[in-house]
Amino acid sequence: MLKKPCGTFDETYAQDIACIRTPFRAGLLILLLLFIFIIMPLVADDYVLGIMNVIGITVIAMLGLNILTGYCGQISIGHVAFIAVGSYTSSILSEHLGWQFWATFPSAILVSGLLGLIVALPSLRIKGFYIAISTMAFHYITIWIILHGGDLTKGVWGLPCEFPIFFGISFDTERKMYFLIMALSVLGTIMAFNLVRTKFGRGFVAVRDNDIAAEFMGLNIFRLKIMAFIICSMYAGAAGSLYAHYLGMITVEQFPLIDSIWYMGFLIIGGMGSISGAIFGAIFYRLIAQVVIFTAPMIGEAFPSLSVSGVAGFTQILFGVLIILFLVLEPRGLNHRWQITLSSFRLWPFPY
Amino acid sequence: MAFFLQLVVSGFLTGSVYALMALGIVIIYKASSVFNFAHGSIVAFTAYLIWHLMVNLHLHIIFAVIISLPVIIIIAYLIQRLILYPLTGQPPLAAIMATLALAEVVNGAITLFWPGPARTYPKFLPTGTIQIGTVFITLEEIVNFIICGLAFTGFMLFFQKSKLGLTMRGTAEDHQLARSEGVKVNRIFVLAWFIAIIMAGIGGFLMANMHGVNQEPLIALGMKSLAVVILGGMESILGAVIGGIAIGLLEALGAGYLDPLVGGGVEEVFPFIILVIILLIKPYGLFGYKRIERV
């Protein structure tokens, strides 16, 4: 329940369904967009922009997972497989057919969506962890197919992928890619934000809360589940395509199963079932990864007996413990804390 | 025909190890309705632990096993007390993610403590090959099969005859009823984890003895036992046995006949293809209970 400041009332239906309810929030939104598109590129160097780019791509992927898991309640541990499919579709079209970004990006989304449809088929009869297992099996099968794809995917060698070119301008630097990625992730956020307010978004929530009750109320739950899977995989395909064009080179090692688990875990840490939660999760995920990169040399110095892979093991332990701690102590995630903070500001000086 | 028989026999023998590991998942699921995704990592961890005791501390195999038992009890208690007990009553996603995160913690611990390439156990079993008709079987495979059979029989005797085993079965049926009879349900959960980790440990030890102590294949092995459990049915011990042997057979046959067609590596992915097919056709497995849900 979104709390509004005292004295703000909805007097028309238009006010009731508005996304931006008060001038203050509109101002905040404009400030945020100004920060993303003007202030950040001016003050940040290429390294920070690189982090922001990865965060932007992660936000797109996380939004898709949030629609599937957070809103529709279907647990997916195969999210990275969808991202891999998007990446490889882009790379194959770019490498073998010489297509440009404006053509590979929608194709990657379509192919991923189609695959999402196939993966969704078992969800007619199963739920809960059975879906988790089937998506995990799907991950293994996808990676296996990519590895044994012969000339099409080049197996373990990976594929190059061209940088996006628009109107003769090649997006070959971090700074140029930054604008493309941020524009697409803002667009993706707006789409997700509106999607969950539609009939289908509310249907997803009904299926998540109790699918039998949802069916009794006349919802076609199979169709809703399939839709959620398709939308999720389309977001993942978009993220994967961007990722491939951003890196310029993809290999199958960039898509391990463990990343799917991190996506799922950091979605929980961010807060499932809310758009801002997905964004918090994506930012937190990549920032913690950066913290680990910064502290890894110090850990290496403090414990000289550890090798490089030992430090990698430390990352796994840290992420795993973080996820478990959030599950046990704050299952509603960072977003819940954020909302509490916000509402206490709005209601100040009253306690509630 | 000789090739077929060879595949059947080796598939059967591998399948017995799968069955043992699947049993671990089934025990935990029956007792506490938690599906243990961390099984593969625990398999790898116990294999590494025994390797550490045997090679770095120069212990005899029997002492290594005896010393690893209290470690397993402590791990089982910590998992239950710190992770799963606070999550009681949460949606299923919480338990799934908790075991997945646990798997990664264990994996991280393995890379932290035992980095680097694969290891091998010192040889303690006789090596050699015996020939029956046209089929070749290594002695190690036979010993593996016998150990699996013994472990299985031991567990079944414990589960069917002993008082503690009966208490476990009662707890699996109904937590509240068991509690009203004075059963400490949380202790039973710890016991279930303890037995499951032992089963995982035996399976992991046997496989590592044949193929070397290596993190990735051992984890993959645990993941394959997920396919076994789904095929057999989540709640069925008999299903774990039949599913294990069936997956072992299908994997061996699929690898034997399909590998030349697609260029190798079929056995890595074949169990998962079977898994998806089962989920499409018979989602609750061969012997699983069909759940009836009410709103």
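How many helices and strands does the secondary structure of chain A come to? The secondary structure of chain A comes to 14 helices and four strands, where helices (H or I, at least four residues) and strands (E, at least two) are DSSP runs, numbered from the N terminus. This is a predicted model, in which local features need pLDDT of at least 70 and side-chain atom pairs count only at pLDDT 80 or more, while totals for chains, interfaces and linings use all residues. Residues are numbered from 1 along each chain as its sequence is written, and chains are lettered from A and ligands numbered from 1 in the order in which they are written.

Chain A has a radius of gyration of 21 Å, close to the 20 Å that the globule rule gives for 352 residues, so it is as compact as a globular protein of that length; the radius is taken over C-alpha atoms, and the rule is 2.2 Å times the number of residues to the power 0.38. Its C-alpha trace spans about 65 × 50 × 50 Å along the principal axes. Of the 352 residues in chain A, 47% are buried, where a residue is buried if 20 or more other C-beta atoms lie within 10 Å of its own, exposed if 12 or fewer, and partly exposed in between, with C-beta atoms placed from the backbone.

One residue to look for in chain A is A:Leu68, found in helix H3 (residues 46-71). A:Leu68 is buried, because 31 other C-beta atoms lie within 10 Å. The C-alpha atoms of A:Leu68 and A:Ile231 are separated by 7.7 Å, although the two residues are 163 residues apart along the chain. Leaving aside residues up to four places away in sequence, A:Leu68 touches A:Gln74, A:Ser76, A:Ala228, A:Phe229 and A:Cys232, a contact being two residues whose C-beta atoms, placed from the backbone, lie within 7 Å.

We turn next to where the chains meet. The contact takes 42 residues from chain A and 38 residues from chain B. On the side of chain A that touches chain B, H13(A) gives the most, with 14 residues. By class, that side of chain A has 30 nonpolar, 11 polar and one charged residues, where Ala, Val, Leu, Ile, Met, Phe, Trp, Tyr, Cys and Pro count as nonpolar, Asp, Glu, Lys and Arg as charged, and the others, Gly among them, as polar.

Within chain B, helix H2 (residues 39-56) and helix H8 (residues 185-211) pack at an angle of about 65°, with their axes 8 Å apart; axes are lines fitted to C-alpha atoms, for helices over the stretch in contact, and angles run from 0 to 180 degrees between N-to-C directions. The contact of H2(B) with H8(B) has nine nonpolar, five polar and no charged residues.

Two loops of chain B deserve a look at their backbone angles. Most residues other than glycine have a negative phi. B:Ser33, in the loop between helix H1 (2-32) and H2 of chain B, has a positive phi of about 55° although it is not a glycine, and B:Ser33 counts as partly exposed, with 14 C-beta neighbours inside 10 Å. B:His58, in the loop between H2 and helix H3 (61-84) of chain B, has a positive phi near 55°, and B:His58 is exposed, with 10 other C-beta atoms within 10 Å.
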